[in-house]
Each structure stands twice: as structure tokens, then as C-alpha cells.
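The account follows the model shown below.

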Amino acid sequence: MAYDWIFRDAVIHDGTGAPGVVGDVAVEGDRIAAVGSVIGTARHEVDAAGLALAPGFIDVHTHDDFAAVAYPDMAFKTLGGVTTCIVGNCGMGAAPFGAASVLARSFHPHATFPAWDGYRGYLARLDETPPAVNIAALIGHGTARMEVMRRKTAAPNASEMEAMKAIVREGLDAGAVGLSTGLIYEPGRHARTEELIELTSLLRGTGALYTTHMRNEGLGLLDSIEEAIRIGEAAGVGVQISHHKASGRDAWGLVGRSLDRIDAAQRAGLNVHADQYPYTAGSTVLSAVAEGGRLGGAGGGLGALSADDVVIASTANHPQWEGKSITALMAELDLDLGAALRRILGEEPGATVVLHTMNEDDVRAVMRHPSTMIGSDGLPTLEGKPHPRLYGTFARVLGHYARDLGVLSLPDAVYRMTGFSAAKFGLRERGVIAPGNFADLVVFDPARIIDRGTFEAPNQAPDGIHAVLVNGQAVALDGKPTDARPGRTLRRR
Ligand SMILES: [Zn+2]
């Protein structure tokens, strides 16, 4: 038998959390053909002795909706072992195009995009011009609300609700895997719980999930978890808590109780889990952080922030501001806080920031908890100084947290970025190494894998990742992207 690939003598971490087993994996076309002791030859035989072989990493929390179009090589993902991205998180979806373009202008100020018609049009565009990774899409509640209600802060009237429902139904019909909310952002933060229950109820029985960037990750964390659980229970839909954390010094330690609440909701029968990026700093748009001339806007949803905690990450036209804290820019511009924020946002309305707001013990507590899977939340603003999670999330969990600190075992860490994630989001025949499944695979050196990006120099691929296959084709080899674009759109079935 002649296969396309055989990886020989690897330690196979199959994505189920089971201990690694030494063996071979053969690939034929886009599928895994055999696992174990493989007899035969291959066009590409790889001696993987001493290396780990895992399913390709599934990044359940991305904002790569437009990046997948603008940068189809997706090297910032593939070089870190990612083979599937779930886009459309935090209420920000790819359709309708007009409202979605707001996101594109913030993250990709110098790019232009051809308009697409709905989620069906977005996914069709990716089918025609595939990126290197697989893409599954969430419907963005904020995008739908912006399209229908613009800047109105009231509850929707009957016709506005119908118009938002039509957008959600279109996305579900197109194969979206869930509905996301961003309840600290404009305009999602104006939505009452009842509005979210009514829209989320459209997902009942479809397998699609309610995913949420909650209203408050600071002192209001527990109320926010309560709201997310209430929405899932009332709508009869599974829930994914996005980037589970306690943000702001005064909220540190609250994750112990939010994790307990997730456990209790699971015992009561709710399908609820969370994702996490492995850093004590977050990242978002400055406009969500600054409000009324102070930091920690949008009702304090980010917790207590100081001007030292907030660092400019990317801008359209002010690279000299990137990497500097608001404190540093106040001194440089000779302005007080309110004036500095008005000046920066006046010239750079889409500026993104890194926020140093979390506690290391909390990060480890969330990571250890069985409800947590891994998602980068990377902002694909490649020209600035994006949060290094964009490149390093998965290597950092495997190298820093699993190997060096022992927070997780290696098979458990792999599970939380592969089999667990595929099961939660309904990605069939992916996330587990088994004959017949799609050949999304990563070969890495468990002794060497590590993230390299820093906040000062974030645009660096991790070390220790040897080969990355998507649907049986190599998209990264020895730290270099290939020309292959084998990614597929993954539709809910
Ligand atoms: Zn978010």
C-alpha cells in the first residue's frame, strides 16, 4: 500500500486525553488511513521518533473572519499548529456585510474586501478562495443588532426583533455553529437578557451553541455567569463562556466561584463550558475600554483599570504609539487622561489595546478546571503589536503550562485544544486521530515546543512545531508556511 504520508514511531496523542502511545499514522488523500503499526510506503515518510503527533489544534475563539480572506496563508495560525478557526466571536460576525465591515476597519484598516451576501455568501467566498485552515463561523449578535438597530439603545420593537431573527436564521441555514454575543461592546451591551433568550431560542434543537463575551468580567463576573446560564437554560441551547477570567485587581479570585457555578449548571443538565487564552493580559479595542474620559468603561465590565495597565497594540497610522501605555502617552502628549483618550480615539477610532488585568493563580485555576478548552482570542492586526496570544497560545499551553509548570498533563492539554473542542462545536470527524477522520495533524517536539512572542515583539511563531497538515496537505513545515490552501468551511449538519 502506498500512502501519501506515513509518520513513523511518533508518540501519538490522539486528542481524547488518553496517554500517548508510540506508533505510526498513515494519511491517504484528506483522511487518516491507518493508525498503529503501518505496513507499506508513502510519498512522504517522516521519522517522528521522539516527537509527538496530535490532531491539529482547533482555535475555538478567533476574530479571523476577515483575516481568512485578507491573509489566506493564515501563517500566524498554522505556524502555531492551528488547523481550524472558529470565527465570529464576541458578537462580531462576518455578516451582514455592512455592519461586519466595522470589524474589518478596526483590524484591517488598509485592506479592502469584496462584499458578500449573508453568512451563506461569506462561507461561499471561503469555498471559492480557501485559506490554509478550516473555518467554522458563529453568527454575531452585535453585528445583527448594529445592522438592524444602528445606535438605538432601547429594546427592539417587534419588527426589529423579526429583522434580527431573519439574520440569525440565515446564519443557521448557512451552517453557522452558534450565535455569539459581546455584552461589553457597542451595540451588544444594550441588549437585555430577554432579547438574547428570544434570539438564542432559534438555535434550540440545531446543535448550535450560545457563546458569550459576558457583560462583566470584573466584580460582576458571577452575575454575568448567571445570565449566560439562564439564557442557555431558557433557550434550551448549549453555552460557551468566552475567555473565562476575572479581570481587574478587585475581582481576582472570583474564578473559584464562577468555576463552581459552571459545575453546578452541568450537574443540573446544561451543556456549558468555557474557553481560555493562557496569559494574564487581555486585549480588545480601546473604544470598549475608554468611556467618558476614563478607563474601564461600558459599566466597568473589564474591572478596575489603571492607565499603566492599558498598552496600545495596533493603530491604522500611528505606529509610534504602538507598545506604549496610556500613562506613557499622557506624558508624551502632555495631556491628562480624559484628553489623551479623546485624542487617541479621535485619530485612531479602531485602535486595539493590551490590558494587563489578570492574576496568574486565576489563570491556572481556570486552566486546570475540566470545563476549560483553549482558544486564542487573537486579534489579527499583523502590522501592529498584537497580543502575542495570536501566535503563541497553543505552544504556550503545551510548553509553559503543561511541560514546565505541570498545570495539565500533556494528553489533557492536547485534549483541550482538539477532541474536546471538536465535540463541543460539533466538528465531525475532526479533533481525534482515528482511521477515517480528516487528516488535520501537528507534529511537535514535546521537549522544545514553546511560544516565543513577547508583548514587545509579538509577531513570532512558536518553536518546536515540525509539521502541520490540514486535510492531508502540509501547510507548515519546519517553521515555514507552504503554498497550500487546503482549508474547508465546516458547516453544522
Ligand atoms: Zn471577547
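A nonpolar core is a set of buried Ala, Val, Leu, Ile, Met, Phe, Trp, Tyr and Cys residues joined through side-chain atoms within 4.5 Å. In this predicted model, the largest such core has 121 residues, and the members that touch the most others are F57, Y122, I241, L286, V289, V310 and F444. Helix α14, spanning residues 389-404, gives the most to this core, with 8 residues.

The zinc ion is coordinated by C90 through SG, H213 through ND1 and H243 through NE2, at 2.1 to 2.2 Å. Along the sequence, these donor residues follow the spacing C-x122-H-x29-H. Because C90 sits in the loop between β7 (82-87) and α3 (97-107), and H243 in the loop between β11 (239-241) and α9 (255-267), the pair ties together parts that are 153 residues apart in sequence. Relative accessibility for these two donors is tabulated here.

| Residue | Relative accessibility | Class |
|---|---|---|
| C90 | 3% | buried |
| H243 | 1% | buried |

Helices α11 (residues 326-333) and α12 (residues 337-347) pack at an angle of about 90 degrees, and their axes are 10 Å apart. Angles of 65 to 115 degrees count as roughly perpendicular, so α11 is roughly perpendicular to α12. On the α11 side, the contact is made by I326, L329, M330 and L333, while α12 contributes L337, A340, L341, R343 and I344. By class, this contact has 8 nonpolar residues, 1 charged residue and no polar residues.

Technical notes. Residues are numbered from 1 along each chain as its sequence is written. This is a predicted model: local features need pLDDT of at least 70, side-chain atom pairs count only at pLDDT 80 or more; totals for chains, interfaces and linings use all residues. Side-chain values use heavy atoms; hydrogens and water are left out. Donors are N, O and S atoms within 2.8 Å of the metal (3.2 Å for Na, K and Ca); water is not among the atoms, so sites may look incomplete. Helices (H or I, at least four residues) and strands (E, at least two) are DSSP runs, numbered from the N terminus. Buried means under 20% relative accessible area, exposed over 50%, partly exposed in between (1.4 Å probe, protein chains only). Axes are lines fitted to C-alpha atoms, for helices over the stretch in contact, and angles run from 0 to 180 degrees between N-to-C directions. Angles under 35 degrees count as roughly parallel, over 145 as roughly antiparallel, 65 to 115 as roughly perpendicular and the rest as oblique. Contact means heavy atoms within 4.5 Å. Ala, Val, Leu, Ile, Met, Phe, Trp, Tyr, Cys and Pro count as nonpolar, Asp, Glu, Lys and Arg as charged, and the others, Gly among them, as polar.
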